[in-house]
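Here is a set of questions and answers about a protein model. Each answer sets a value against a definition.

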Amino acid sequence: MKLAQTEFECLMSPEALAVPEGYKGLYAFHKYWGKKPAEPVAYLISHLCPKDGLVVDPFLGSGVSAIEALRLGRRVVGIDLNPAAVRLTRMLVKPPSKKSVEKSLSYINGAVREAIDATYRTSSGKTATHYIWQGEKMKNVWRTNGSARTRIEDFPDDHDLKMAAELADYRPRQLRTPRFFTNSRINSKASFDLRSLFTGRALHNIELLLKAIGELPQSSREPMLLSLTAAIGQMSSMVFTITGRGKMNTTKSNKIEVGSWVIGFWKPDVHFEVNVWNCFERRVKKLIKALAGSPEVVDSTLGSISDVCASVADGAIVNGNCVAELQSIPDDSADLIITDPPHGDRIPYLELSELWNIVLDEQPVFESEIVVSNAKERAKTPKEYNESMRQFLRVAGRKLKKAGHLVLFFNARTGSSWQFFDVFSKTASAAGIGFQGCFPLIYSAGSVVQDNRAGALQSDFGLVFSRSAYVNQRLLDIPNWSSIMPQPSL
Ligand SMILES: C[S@@+](CC[C@H](N)C(=O)[O-])C[C@H]1O[C@@H](n2cnc3c(N)ncnc32)[C@H](O)[C@@H]1O
């Protein structure tokens, strides 16, 4: 496994934790919910796990810990219930070559771009880039002025309305039916289908992309499918409009700008329909750019959990319920368990990832998600959440070496979501694991999906536990390190 040492020396300074840079390169490719900054993860891995030691992340998400562990020459087991998270991480830890992604894009361009663009053709023969809809009424059509890239805004003519109407009733043939729940938190309803969230034209064009991706050699499909998941929100009718924003801080403009899609399944009254090809191509080009710039650090072998534990493979990225999957790691074998579990009712990952899993033709096991959800049909109560987290901590504690550490990135709005930590106060059941201290996890502006509700907590903590009473000096160096457990309000 190759290491780009110089890059990691600077990531490892404790000050770097206080000023995370935001997501760059491959980390910026996908907007996985609740992504954590790489700096604290890299710092903790480099100081709490020796080279070739074993790092475990049971709630892996988009794979920040796996990527950092492999880059730093540690072995890693990453587990997540969300198939989209696992497939994304597998690609990020063994990224495709820039050339192969360019070749795939070029094939898809030749296969379907004209057919997609034809559905957005205006009466002038140009291709529309965006439509603004108010409810069911088309209000505006945007196109670019050829190579000058100036935006031209028109009112829709009969031709534009006819084009939209032609595919309005399109029913998906390939994309499976979504499984949504009645969840006021994210404005979703159990009765939603894909046509509640996309125009017929968008669904038609997404299926054209899927067909072309399916014609690629098997080994080239994954980066394209994952690019489609990364772009799917922007292809939906959930993209809101922004007004009143001037180019300078002091100026105000009445111009409408394109917002991003909203976190939650709702269709703003005034919303965009964006050209599906443009959304897809932009995402693939972002991947190509990241691949061009990313250092050649990951040259790791992936295998099963037992391969990693026997040091036959560098990493295992496993799809499943972590409480069950952790059992296959031998007791007393992990140097560091570093993880970011769902924080009470902060984000229901599987619900929000359903569109990504539909693109990937995966069926997430909603029943096993550890989360507090507003969706009544899911019966994910705080009581059940605490019981599952207790169970997780009991199993995780047994997997740690005698001098091993457990780091949880955590915060929750209500005290009821902190109750599972009582496991650690019952020494017998927690295999003698004690709290060492915590530090505030600082996010760069706009880097993380934050909780905006009243009373929501704006930052998370890195909570460090260990079986040993000795506190590593490198932990004490972390800015604002505290040996007192945060006291949530009840
Ligand atoms: C806060 S996110 C992790 C985000 C991650 N730190 C990152 O940087 O992208 C929590 C993750 O826990 C996963 N999860 C929820 N219940 C799980 C379970 N029972 N077993 C494994 N993973 C689970 C969710 O799918 C989600 O990806």
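A residue is buried if 20 or more other C-beta atoms lie within 10 Å of its own, exposed if 12 or fewer, and partly exposed in between, with C-beta atoms placed from the backbone. The model is predicted: local features need pLDDT of at least 70, side-chain atom pairs count only at pLDDT 80 or more, and totals for chains, interfaces and linings use all residues. Residues are numbered from 1 along each chain as its sequence is written.

Q: Why does Trp356 count as buried?
A: Trp356 has 25 C-beta neighbours inside 10 Å. The definition asks for 20 or more, so Trp356 counts as buried.

Q: Where is Trp356, and what does it touch beyond four places in sequence?
A: Trp356 is found in helix H15. Helices (H or I, at least four residues) and strands (E, at least two) are DSSP runs, numbered from the N terminus. Leaving out residues up to four places away, Trp356 touches Ala84, Thr229 and Ile232; two residues are in contact if their C-beta atoms lie within 7 Å.

Q: What makes helix H5 largely enclosed by the rest of the structure?
A: Helix H5 covers residues 83-93, and ten of its eleven residues are buried, so the rest of the structure largely encloses it. Among the buried ones are Pro83, Ala84, Arg87 and Met91. The buried residues of H5 pack against helix H4 (64-71), strand E2 (75-80), helix H10 (218-235), strand E9 (315-319) and helix H15 (354-359).

Q: Why is Ile242 called exposed?
A: Ile242 has 12 other C-beta atoms within 10 Å. The limit for exposed is 12 or fewer, so Ile242 is exposed. Ile242 is in strand E6 (residues 239-242). Not counting residues up to four places away in sequence, Ile242 touches Glu257 and Gly259.

Q: Why is Ile442 called partly exposed?
A: Ile442 has 17 other C-beta atoms within 10 Å. Buried needs 20 or more and exposed needs 12 or fewer, so Ile442, with 17, is partly exposed. Ile442 is in the loop between strand E12 (434-441) and strand E13 (460-466). Its C-alpha atom and that of Leu17, 425 residues apart along the chain, are separated by 7.1 Å.

Q: Why does Gly146 count as exposed, and where is Gly146?
A: Gly146 has 9 C-beta neighbours inside 10 Å, so Gly146 counts as exposed. Gly146 is in the loop between strand E4 (137-144) and strand E5 (151-154).

Q: What is phi in Asp52 and in Asp361?
A: Phi of Asp52 is near 70 degrees, a positive value in a residue other than glycine. Asp361 is not a glycine either, and its phi is positive, about 55 degrees. Asp52 is in the loop between helix H3 (38-48) and strand E1 (54-57), and Asp361 lies in the loop between H15 and helix H16 (382-399).

Q: Why does Asp52 count as exposed?
A: Asp52 has 12 C-beta neighbours inside 10 Å, so Asp52 counts as exposed.

Q: Which residues have the most contacts inside the largest nonpolar core?
A: They are Ile45, Val55, Leu209, Met235 and Leu336, in a core of 125 residues. The core draws at least three residues from each of domain 1 (5-94 + 298-476) and domain 2 (98-293), with bounds from an automatic or database domain assignment. A nonpolar core is a set of buried Ala, Val, Leu, Ile, Met, Phe, Trp, Tyr and Cys residues joined through C-beta atoms within 7 Å.

Q: Which residues come nearest to the ligand?
A: Of the 23 residues around the ligand, Phe59, Gly61, Ser62, Asn82 and Asp340 come nearest; a residue is near if its C-beta atom, placed from the backbone, lies within 6 Å.

Q: How do you know how confident the predictor is?
A: By pLDDT, the predictor's confidence in each residue, from 0 to 100. The protein chain averages 89, and 89% of the residues score at least 70. Over residues 1-11, pLDDT stays under 50.
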